[in-house]
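Thank you for letting me take a few minutes of the meeting. Please have a look at the sequence and the model on the screen, and I will then go through them step by step.

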Amino acid sequence: MAEHTSSSITIEAAPADVMAVIADFARYPDWTGEVKQAEVLKKDDQGRAEQVRLVMDAGAIKDDQVLGYTWAGEHEVSWTLVKSQMLRQLDGSYLLKPAGGGATEVTYQLTVDVKIPMLGMIKRKAEKVIIDRALAGLKKRVESGDPAPEATEK
């Protein structure tokens with residue numbers, strides 16, 4: 001049974017600005033650390049990514065994978081594994097909540113299960129590293145004031 005790992009961070013920006021960066025998959029290699037390549041394979045009728053191919057290198061977990069994305073309103077996105085070389089499961093989500101003063105609390109939840117035998121504590125450590133780096137990178141990227149292309153088009 002796979003266990004999930006979760007962490008939160010407060011970002012000094014509105015939820016819409018944070019979500020614009022999350023939705024800008026082409027720029028993931030600029031700020032996530034683990035994502036080396038990202039390619040949107042399919043979009044929904046609102047132009048949001050529905051399937052994304054990611055080439056990952058997260059230390060213990062290196063993979064070429066396809067994730068399916070589900071967008072729940074303006075403040076939540078979740079994903080699940082469609083195809084992978086190394087993983088059996090990769091479920092995650094970002095949940096954004098207004099935190100007052102124009103800030104946003106971002107909670108990232110992740111569940112990873114690999115096809116090869118791996119100690120649970122090593123998997124959880126890899127999840128924690130992925131989450132912590134992603135949240136720190138997201139905070140830095142959003143607070144840098146360099147908007148995602150989608151944010152400037154609205």
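Predicted model: local features only at pLDDT ≥ 70, side-chain atom pairs only at ≥ 80, totals over all residues.

Let me begin with a term: a polar contact is a pair of N or O atoms within 3.5 Å, where, within protein, one atom must be able to donate a hydrogen and the other to accept it, and where residues adjacent in sequence count only if both atoms are side-chain atoms. Residues are numbered from 1 along each chain as its sequence is written, and side-chain values use heavy atoms, with hydrogens and water left out.

With that in place, the protein has four helices and seven strands, where helices (H or I, at least four residues) and strands (E, at least two) are DSSP runs numbered from the N terminus. Along the sequence, their order is β-α-α-β-β-β-β-β-β-α-α. There are 154 residues, and 43% of them count as buried, a word that here stands for under 20% relative accessible area, with exposed being over 50% and partly exposed in between, for a 1.4 Å probe and protein chains only.

Now to Asp63, which lies in strand 4. Is Asp63 buried or exposed? Asp63 has a relative accessible area of 5%, and so it counts as buried. Its side chain makes a polar contact of 3.1 Å with the side chain of Gln65, and a polar atom of the Asp63 side chain also lies 3.1 Å from the backbone nitrogen of Met86. If we take contact to mean heavy atoms within 4.5 Å, and leave out residues up to four places away in sequence, Asp63 touches several residues, including Leu54, Met56 and Leu87.

Thr32 sits in the loop between helix 2 (28-31) and strand 2 (35-43), and Thr32 is buried because its relative accessible area is 6%. The Thr32 side chain reaches the backbone nitrogen of Val35 at 3.1 Å, and, beyond four places in sequence, Thr32 touches Arg133 and Ala134.

In strand 3 we find Val52, which counts as buried because its relative accessibility is 0%. Val52 and Trp79 are 27 residues apart in sequence, yet their C-alpha atoms are 9.7 Å apart in space.

Next comes the nonpolar core, meaning a set of buried Ala, Val, Leu, Ile, Met, Phe, Trp, Tyr and Cys residues joined through side-chain atoms within 4.5 Å. The largest such core has 37 residues, and among those touching the most other members are Ile22, Trp79 and Tyr108. Helix 3 gives the largest share of this core, six residues.

Finally, how many cavities of 30 Å³ or more are there? The count is one. A cavity is a set of points, on a 1 Å grid over the protein atoms alone, where a 1.4 Å probe fits but cannot get out, and lining residues have an atom within 4 Å of a point. Points are joined across faces, edges and corners, and the volume is the space filled by probe spheres set on them. The largest cavity holds about 250 Å³, and it is lined by 19 residues, with Val35, Leu54, Met56, Tyr108 and Ile130 nearest its centre.

How values were computed. 1 Å grid on protein atoms, 1.4 Å probe; cavity = no way out; pocket = protein on both sides within 12 Å on 5 of 7 lines; lining within 4 Å.
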